[in-house]
Amino acid sequence: MQYVKLGTTGLDVSPIAIGAMTFGEPTRGHPAWSLGEEESRKLIKHALDVGINFFDTANIYSQGSSEEILGRALKDYANRDDVVIATKLRNPMRSGPNGKGLSRKAIMTEVEHSLSRLGTDYIDLYQIHRNDHTTPLEETLEALHDLVKAGKVRYLGASSMPTWEFAKALHLQRERGWARFVSMQDHYNLLAREEEREMIPLCLDEGVGTIVWSPLARGRLARAWGEAKSTSRSSNDGFADMLYTPFTEASDKAIIEAVGKIAGDRGRKRAQIALAWLRSKPVVTAPLVGASSIEQIDDAVASLDIALTQEEVQQLEAPYTPRYDFQGISDDAEIQAIMAKLPQFTTAR
């Protein structure tokens, strides 16, 4: 495994990150497709065995169960100083006041809960899970800075939001001398390239590394066009139907067919080609692989050996048609309201 730096930091991470949303006891409020502890531990151990040291979770995943499972497995299978643990906060963890958001109170409370569940003294990368528009940005940023200075957190990261909001946050952090966001966890793949308009250029200019969620477009890039969904998650993923809306079907089909052709010509799997395309982008530090099988982890690692030619990259990118950008919108009801107002979204796929 050839490790890479996270953005312009000195932190070494594997160019593949394991997304731990897949891990979590279904009884803890997560979908039925999440994996229990025994199955999750096998995947975590295999990831470590092949050299992956970067693991991303969130407090909301299975209401803390994901953090618990990941923490126990890493304690048993890894040297804590060798692995990079990333987690996130913002979403509601309990009912009542101050049970969600990015206020100073919520941040100081949730970091302690995450540390306890993960069984560690510090979090390597602490990320805001979207923005919180009910809290002054300065309050959030100063509280996060204080966590870094207290030694509870090593680095700070953000996730999907409008570019102007991220630019404002970076400006405030520089102006006030606060610890800065070193990473952006965004939605980016061959079927969703809207981040190329503003967010990616900003990250390149500011030296911010990106950690890509949904790198295979919720499995769409890993199977042929029209092929039946093969996993429990892909068959029960309503959010994906909102992300990949039907009005771009013609271009999506052409892109997926291009992935299949290059995969066939190279004797590789579709997923490997789609991940190799992400690797060709210098802003991408690591895609988040939400693996539910050892084979999916191995496919991700195998993609690291593929260097696409410029002609292949052009074949993959040429059919792209812009789609509606849901970046920064984390509320399903808000997304549904937007879709209802746009005639091209009236038919769900």
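Me: What makes Arg130 count as buried or exposed?

Reply: The model is a predicted one. Arg130 has a relative accessibility of 12%, and buried means under 20%, so Arg130 counts as buried. This residue is found in the loop between strand E6 (123–128) and helix H4 (137–150).

Me: Which phi does Arg90 have, and where is Arg90 found?

Reply: Arg90 is not a glycine, yet its phi is positive, about 155°. Most residues other than glycine have a negative phi. Arg90 lies in the loop between strand E5 (84–89) and helix H3 (104–118). With a relative accessible area of 16%, Arg90 is buried, the limit being under 20%.

Me: Why is H1 called oblique to H2?

Reply: The axes of helix H1 (residues 37–49) and helix H2 (residues 65–77) come within 10 Å and cross at roughly 50°. Roughly parallel requires an angle under 35 degrees and roughly perpendicular one of 65 to 115, so H1 is oblique to H2. The crossing is right-handed. By class, the contact of H1 with H2 has seven nonpolar, one polar and five charged residues.

Me: How do you know that strand E9 is largely enclosed by the rest of the structure?

Reply: Five of the five residues of E9 (residues 209–213) are buried, so the strand is largely enclosed. Gly209, Ile211 and Trp213 point one way, Thr210 and Val212 the other, and all are buried. E9 pairs with strand E8 (residues 181–187) in the parallel sense over five bridges, and Trp213 in E9 is the bridge partner of His187.

Note on methods: Residues are numbered from 1 along each chain as its sequence is written. This is a predicted model: local features need pLDDT of at least 70, side-chain atom pairs count only at pLDDT 80 or more; totals for chains, interfaces and linings use all residues. Side-chain values use heavy atoms; hydrogens and water are left out. Axes are lines fitted to C-alpha atoms, for helices over the stretch in contact, and angles run from 0 to 180 degrees between N-to-C directions. Helices (H or I, at least four residues) and strands (E, at least two) are DSSP runs, numbered from the N terminus. Angles under 35 degrees count as roughly parallel, over 145 as roughly antiparallel, 65 to 115 as roughly perpendicular and the rest as oblique. A crossing is left-handed if the near helix is turned anticlockwise from the far one by less than a right angle, and right-handed if clockwise. Ala, Val, Leu, Ile, Met, Phe, Trp, Tyr, Cys and Pro count as nonpolar, Asp, Glu, Lys and Arg as charged, and the others, Gly among them, as polar. Buried means under 20% relative accessible area, exposed over 50%, partly exposed in between (1.4 Å probe, protein chains only). Two strands pair if DSSP finds at least two bridges between them.
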